[in-house]
Amino acid sequence: AAIRATDRLLATGASGTRRIHGQFTRARALVASGSVDEGLAQARAGIAAYAGAYGPNDWHVGSAHEQLAETLVRRHLLEDADAEAAKAIEFLTGSKSEPDTLNEARVVRSLCASRRGHAAEALADAQLVANGLTADTPLSGRLLPLLAVGEAALGKGDTALALSTLERAAEAAESAEDYPELHADVHLALARALFKAGADPARARDVADRAATEYEGCAMPELARQARAVGKRE
(Lines give C-alpha, C1' and ligand atoms only; values in the text may rest on other atoms or scores of the structure.)
Protein backbone atom coordinates (compact mmCIF):
# COMPACT_ATOMS: atom_id res chain seq x y z
CA ALA A 1 0.00 0.00 0.00
CA ALA A 2 2.85 2.40 0.81
CA ILE A 3 4.52 1.62 -2.51
CA ARG A 4 1.30 2.32 -4.41
CA ALA A 5 0.71 5.55 -2.50
CA THR A 6 4.22 6.87 -3.10
CA ASP A 7 4.07 5.86 -6.77
CA ARG A 8 0.96 8.03 -7.10
CA LEU A 9 2.71 10.89 -5.28
CA LEU A 10 5.78 10.69 -7.47
CA ALA A 11 3.68 10.42 -10.62
CA THR A 12 2.05 13.78 -9.83
CA GLY A 13 5.41 15.49 -10.29
CA ALA A 14 6.21 16.11 -6.61
CA SER A 15 9.48 17.98 -6.33
CA GLY A 16 12.03 19.16 -3.80
CA THR A 17 12.01 17.68 -0.31
CA ARG A 18 8.48 16.34 -0.86
CA ARG A 19 9.83 14.13 -3.64
CA ILE A 20 12.77 13.02 -1.49
CA HIS A 21 10.38 12.05 1.32
CA GLY A 22 8.26 10.07 -1.12
CA GLN A 23 11.22 8.25 -2.64
CA PHE A 24 12.65 7.40 0.78
CA THR A 25 9.29 6.14 2.04
CA ARG A 26 8.97 3.97 -1.07
CA ALA A 27 12.47 2.58 -0.54
CA ARG A 28 11.70 1.58 3.04
CA ALA A 29 8.46 -0.03 1.89
CA LEU A 30 10.43 -2.10 -0.63
CA VAL A 31 12.71 -3.33 2.17
CA ALA A 32 9.72 -4.11 4.41
CA SER A 33 8.01 -6.06 1.63
CA GLY A 34 11.09 -8.22 1.05
CA SER A 35 12.72 -6.44 -1.93
CA VAL A 36 15.73 -5.76 0.25
CA ASP A 37 18.55 -5.11 -2.22
CA GLU A 38 16.49 -2.76 -4.38
CA GLY A 39 14.99 -0.97 -1.41
CA LEU A 40 18.27 -0.60 0.45
CA ALA A 41 20.02 0.90 -2.58
CA GLN A 42 17.19 3.38 -3.06
CA ALA A 43 17.06 4.23 0.65
CA ARG A 44 20.75 5.04 0.75
CA ALA A 45 20.34 7.20 -2.33
CA GLY A 46 17.51 8.91 -0.49
CA ILE A 47 19.71 9.61 2.53
CA ALA A 48 22.28 11.18 0.20
CA ALA A 49 19.48 13.31 -1.24
CA TYR A 50 18.50 14.44 2.27
CA ALA A 51 22.14 15.45 2.88
CA GLY A 52 22.13 17.42 -0.35
CA ALA A 53 18.86 19.15 0.46
CA TYR A 54 19.35 19.91 4.16
CA GLY A 55 23.12 19.77 4.60
CA PRO A 56 25.38 16.78 5.42
CA ASN A 57 25.15 17.25 9.20
CA ASP A 58 21.45 18.11 9.46
CA TRP A 59 19.26 16.10 11.85
CA HIS A 60 17.06 15.02 8.92
CA VAL A 61 19.94 12.83 7.78
CA GLY A 62 20.20 11.18 11.20
CA SER A 63 16.45 10.67 11.34
CA ALA A 64 16.53 8.97 7.94
CA HIS A 65 19.27 6.62 9.14
CA GLU A 66 17.12 5.76 12.19
CA GLN A 67 14.02 5.09 10.09
CA LEU A 68 15.99 2.80 7.79
CA ALA A 69 17.54 1.02 10.79
CA GLU A 70 14.10 0.32 12.23
CA THR A 71 12.86 -1.06 8.92
CA LEU A 72 15.92 -3.31 8.62
CA VAL A 73 15.67 -4.70 12.15
CA ARG A 74 12.03 -5.58 11.51
CA ARG A 75 13.31 -7.84 8.70
CA HIS A 76 16.03 -9.25 11.02
CA LEU A 77 18.78 -7.79 8.82
CA LEU A 78 21.00 -7.21 11.81
CA GLU A 79 24.29 -6.12 10.27
CA ASP A 80 22.72 -3.39 8.13
CA ALA A 81 20.30 -2.37 10.90
CA ASP A 82 23.10 -1.98 13.43
CA ALA A 83 25.22 0.06 11.00
CA GLU A 84 22.34 2.42 10.19
CA ALA A 85 21.44 2.82 13.87
CA ALA A 86 25.07 3.66 14.71
CA LYS A 87 25.06 6.36 12.02
CA ALA A 88 21.78 7.71 13.37
CA ILE A 89 23.20 7.98 16.88
CA GLU A 90 26.29 9.77 15.55
CA PHE A 91 24.14 12.31 13.71
CA LEU A 92 21.47 12.77 16.36
CA THR A 93 23.56 13.04 19.53
CA GLY A 94 23.51 16.70 20.47
CA SER A 95 21.26 17.66 17.55
CA LYS A 96 17.95 19.50 17.71
CA SER A 97 15.97 16.38 16.77
CA GLU A 98 13.36 14.87 19.06
CA PRO A 99 14.93 12.74 21.84
CA ASP A 100 12.60 9.89 20.91
CA THR A 101 14.36 9.50 17.57
CA LEU A 102 17.74 9.06 19.25
CA ASN A 103 16.24 6.60 21.73
CA GLU A 104 14.71 4.58 18.91
CA ALA A 105 18.14 4.25 17.31
CA ARG A 106 19.56 3.07 20.62
CA VAL A 107 16.82 0.47 20.94
CA VAL A 108 17.56 -0.86 17.45
CA ARG A 109 21.21 -1.29 18.41
CA SER A 110 20.14 -3.03 21.61
CA LEU A 111 17.90 -5.43 19.71
CA CYS A 112 20.70 -6.21 17.26
CA ALA A 113 23.11 -6.87 20.13
CA SER A 114 20.64 -9.16 21.86
CA ARG A 115 20.02 -11.19 18.71
CA ARG A 116 23.76 -11.55 18.26
CA GLY A 117 24.14 -13.08 21.71
CA HIS A 118 25.13 -10.02 23.78
CA ALA A 119 22.12 -10.07 26.08
CA ALA A 120 23.60 -8.41 29.17
CA GLU A 121 24.84 -5.36 27.25
CA ALA A 122 21.60 -5.18 25.28
CA LEU A 123 19.43 -5.37 28.40
CA ALA A 124 21.15 -2.45 30.12
CA ASP A 125 20.80 -0.24 27.04
CA ALA A 126 17.18 -1.19 26.34
CA GLN A 127 16.12 -0.66 29.95
CA LEU A 128 17.46 2.90 29.89
CA VAL A 129 14.99 3.68 27.12
CA ALA A 130 12.11 1.55 28.41
CA ASN A 131 12.35 3.15 31.86
CA GLY A 132 11.61 6.49 30.23
CA LEU A 133 8.28 5.36 28.81
CA THR A 134 5.28 7.19 30.23
CA ALA A 135 1.53 6.94 30.06
CA ASP A 136 1.70 9.51 27.26
CA THR A 137 4.01 7.39 25.13
CA PRO A 138 1.94 6.09 22.20
CA LEU A 139 1.48 2.33 21.98
CA SER A 140 3.56 2.15 18.82
CA GLY A 141 6.39 3.89 20.69
CA ARG A 142 6.31 1.32 23.50
CA LEU A 143 6.45 -1.74 21.29
CA LEU A 144 10.11 -1.73 20.20
CA PRO A 145 11.64 -0.83 23.61
CA LEU A 146 9.55 -3.45 25.41
CA LEU A 147 10.45 -6.08 22.81
CA ALA A 148 14.13 -5.20 23.18
CA VAL A 149 14.01 -5.56 26.98
CA GLY A 150 12.02 -8.79 26.74
CA GLU A 151 14.33 -10.45 24.23
CA ALA A 152 17.46 -9.38 26.13
CA ALA A 153 16.05 -10.58 29.46
CA LEU A 154 15.18 -13.90 27.85
CA GLY A 155 18.70 -14.20 26.46
CA LYS A 156 20.18 -13.39 29.85
CA GLY A 157 18.04 -16.03 31.55
CA ASP A 158 15.83 -13.61 33.50
CA THR A 159 12.58 -15.35 32.63
CA ALA A 160 10.46 -13.38 35.13
CA LEU A 161 11.53 -10.02 33.68
CA ALA A 162 11.14 -11.33 30.14
CA LEU A 163 7.64 -12.61 30.81
CA SER A 164 6.36 -9.47 32.53
CA THR A 165 7.84 -7.19 29.87
CA LEU A 166 6.67 -9.24 26.91
CA GLU A 167 3.15 -9.40 28.32
CA ARG A 168 3.17 -5.59 28.24
CA ALA A 169 4.56 -5.66 24.71
CA ALA A 170 1.83 -8.07 23.60
CA GLU A 171 -0.79 -5.74 25.06
CA ALA A 172 0.72 -2.84 23.12
CA ALA A 173 0.76 -4.93 19.94
CA GLU A 174 -2.95 -5.62 20.25
CA SER A 175 -3.68 -1.91 20.02
CA ALA A 176 -0.99 -0.89 17.50
CA GLU A 177 -1.90 -2.06 14.02
CA ASP A 178 1.36 -1.12 12.30
CA TYR A 179 4.57 -3.14 12.17
CA PRO A 180 3.27 -6.72 11.81
CA GLU A 181 6.83 -8.08 11.93
CA LEU A 182 7.24 -6.65 15.44
CA HIS A 183 3.95 -8.23 16.48
CA ALA A 184 5.31 -11.59 15.35
CA ASP A 185 8.59 -10.96 17.20
CA VAL A 186 6.70 -10.13 20.39
CA HIS A 187 4.56 -13.24 20.18
CA LEU A 188 7.53 -15.51 19.43
CA ALA A 189 9.52 -14.12 22.37
CA LEU A 190 6.46 -14.33 24.65
CA ALA A 191 5.87 -17.97 23.66
CA ARG A 192 9.49 -18.79 24.50
CA ALA A 193 9.20 -17.03 27.84
CA LEU A 194 5.97 -18.88 28.67
CA PHE A 195 7.55 -22.25 27.87
CA LYS A 196 10.66 -21.44 29.92
CA ALA A 197 8.51 -20.37 32.86
CA GLY A 198 6.51 -23.59 32.60
CA ALA A 199 3.35 -21.50 32.77
CA ASP A 200 0.29 -22.39 30.72
CA PRO A 201 1.85 -24.51 27.94
CA ALA A 202 -1.41 -24.49 26.00
CA ARG A 203 -1.34 -20.69 25.81
CA ALA A 204 2.37 -20.78 24.94
CA ARG A 205 1.59 -23.08 22.02
CA ASP A 206 -1.23 -20.80 20.84
CA VAL A 207 1.02 -17.73 21.03
CA ALA A 208 3.79 -19.50 19.11
CA ASP A 209 1.30 -20.54 16.43
CA ARG A 210 0.08 -16.96 16.19
CA ALA A 211 3.67 -15.77 15.72
CA ALA A 212 4.18 -18.34 12.96
CA THR A 213 1.06 -17.19 11.15
CA GLU A 214 2.15 -13.55 11.46
CA TYR A 215 5.61 -14.33 10.10
CA GLU A 216 4.07 -16.20 7.19
CA GLY A 217 1.95 -13.13 6.45
CA CYS A 218 5.13 -11.05 6.39
CA ALA A 219 6.87 -13.50 3.99
CA MET A 220 9.40 -14.55 6.65
CA PRO A 221 9.22 -18.36 6.36
CA GLU A 222 12.36 -19.20 8.35
CA LEU A 223 11.08 -17.34 11.40
CA ALA A 224 7.68 -18.95 10.94
CA ARG A 225 9.41 -22.34 11.05
CA GLN A 226 11.26 -21.34 14.22
CA ALA A 227 7.99 -20.28 15.85
CA ARG A 228 6.29 -23.59 15.05
CA ALA A 229 9.25 -25.45 16.55
CA VAL A 230 9.33 -23.49 19.82
CA GLY A 231 7.39 -25.97 21.93
CA LYS A 232 9.66 -28.81 20.82
CA ARG A 233 12.83 -26.99 21.85
CA GLU A 234 11.89 -25.21 25.06
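The following dialogue explains how terms are applied to this predicted model.

Modeller: Residues are numbered from 1 along each chain as its sequence is written. In this predicted model, local features need pLDDT of at least 70 and side-chain atom pairs count only at pLDDT 80 or more, while totals for chains, interfaces and linings use all residues, and side-chain values use heavy atoms, with hydrogens and water left out.

Biologist: Why is Tyr50 called buried?

Modeller: Buried means under 20% relative accessible area, exposed means over 50%, and partly exposed lies in between, with a 1.4 Å probe and protein chains only. Tyr50 has 5% relative accessibility and therefore counts as buried.

Biologist: What makes Tyr54 partly exposed?

Modeller: The relative accessible area of Tyr54 is 28%, so Tyr54 is partly exposed.

Biologist: Why is the pair of Tyr50 and Tyr54 called stacked?

Modeller: Rings of Phe, Tyr and Trp (its six-membered ring) pair if their centres lie within 6.5 Å; planes under 30 degrees apart count as stacked, over 60 as edge-to-face and the rest as tilted. The ring centres of Tyr50 and Tyr54 are 6.1 Å apart and the planes are at 25°, so the pair is stacked. Both residues lie in helix α3, four residues apart, about one turn of the helix.

Biologist: What makes the pair of Phe24 and Tyr50 edge-to-face?

Modeller: Here the distance is 5.5 Å centre to centre, with 80° between the planes. Phe24 lies in helix α2 (residues 16-32) and Tyr50 in helix α3 (residues 36-54), so the pair ties together parts that are 26 residues apart in sequence. Helices (H or I, at least four residues) and strands (E, at least two) are DSSP runs, numbered from the N terminus. Both Phe24 and Tyr50 are buried, and Phe24, Tyr50 and Tyr54 form one aromatic cluster.

Biologist: Which residues does Phe24 touch?

Modeller: Contact means heavy atoms within 4.5 Å. Not counting residues up to four places away in sequence, Phe24 touches Ala43, Gly46, Ile47, Tyr50, Ala64, Gln67 and Leu68.

Biologist: Which residues touch the most other members of the largest nonpolar core?

Modeller: A nonpolar core is a set of buried Ala, Val, Leu, Ile, Met, Phe, Trp, Tyr and Cys residues joined through side-chain atoms within 4.5 Å. In the largest one, with 65 residues, they are Phe24, Leu68, Val73, Val108, Leu166, Leu190 and Tyr215. Helix α10 (residues 180-197) supplies the largest share of this core, ten residues. A second, separate core has five residues, including Ala88, Ile89, Leu102 and Ala105.

Biologist: How do you know that the span of helix α4 is close to the expected one?

Modeller: The expected span is 1.5 Å times one less than the number of residues in the helix. Helix α4 (residues 59-74) has 16 residues and reaches 23 Å from its first C-alpha to its last, close to the expected 22 Å. Helix α9 (residues 159-175) has 17 residues and reaches 25 Å, close to the expected 24 Å.

Biologist: What makes helix α4 mostly covered?

Modeller: In α4, 13 of its 16 residues are buried. Leaving aside neighbours within four places in sequence, Leu72 is in contact with Val31, Leu40, Leu77, Asp80, Ala81 and Glu84.

Biologist: Why is Arg26 called buried?

Modeller: Arg26, in helix α2, has a relative accessible area of 19% and is therefore buried.

Biologist: What can be said of the phi of His76?

Modeller: Most residues other than glycine have a negative phi. His76 has a positive phi of about 60° although it is not a glycine. This residue is placed in the loop between α4 and α5 (78-92), and its 25% relative accessibility means that His76 counts as partly exposed. Ala219 also has a positive phi of about 60°, and its place is in the loop between α11 and α12.

Biologist: Why are α11 and α12 called roughly antiparallel?

Modeller: Axes are lines fitted to C-alpha atoms, for helices over the stretch in contact, and angles run from 0 to 180 degrees between N-to-C directions. Angles under 35 degrees count as roughly parallel, over 145 as roughly antiparallel, 65 to 115 as roughly perpendicular and the rest as oblique. The axes of α11 (residues 201-217) and α12 (residues 221-228) come within 8 Å and cross at roughly 170°. The two helices are therefore roughly antiparallel to each other.
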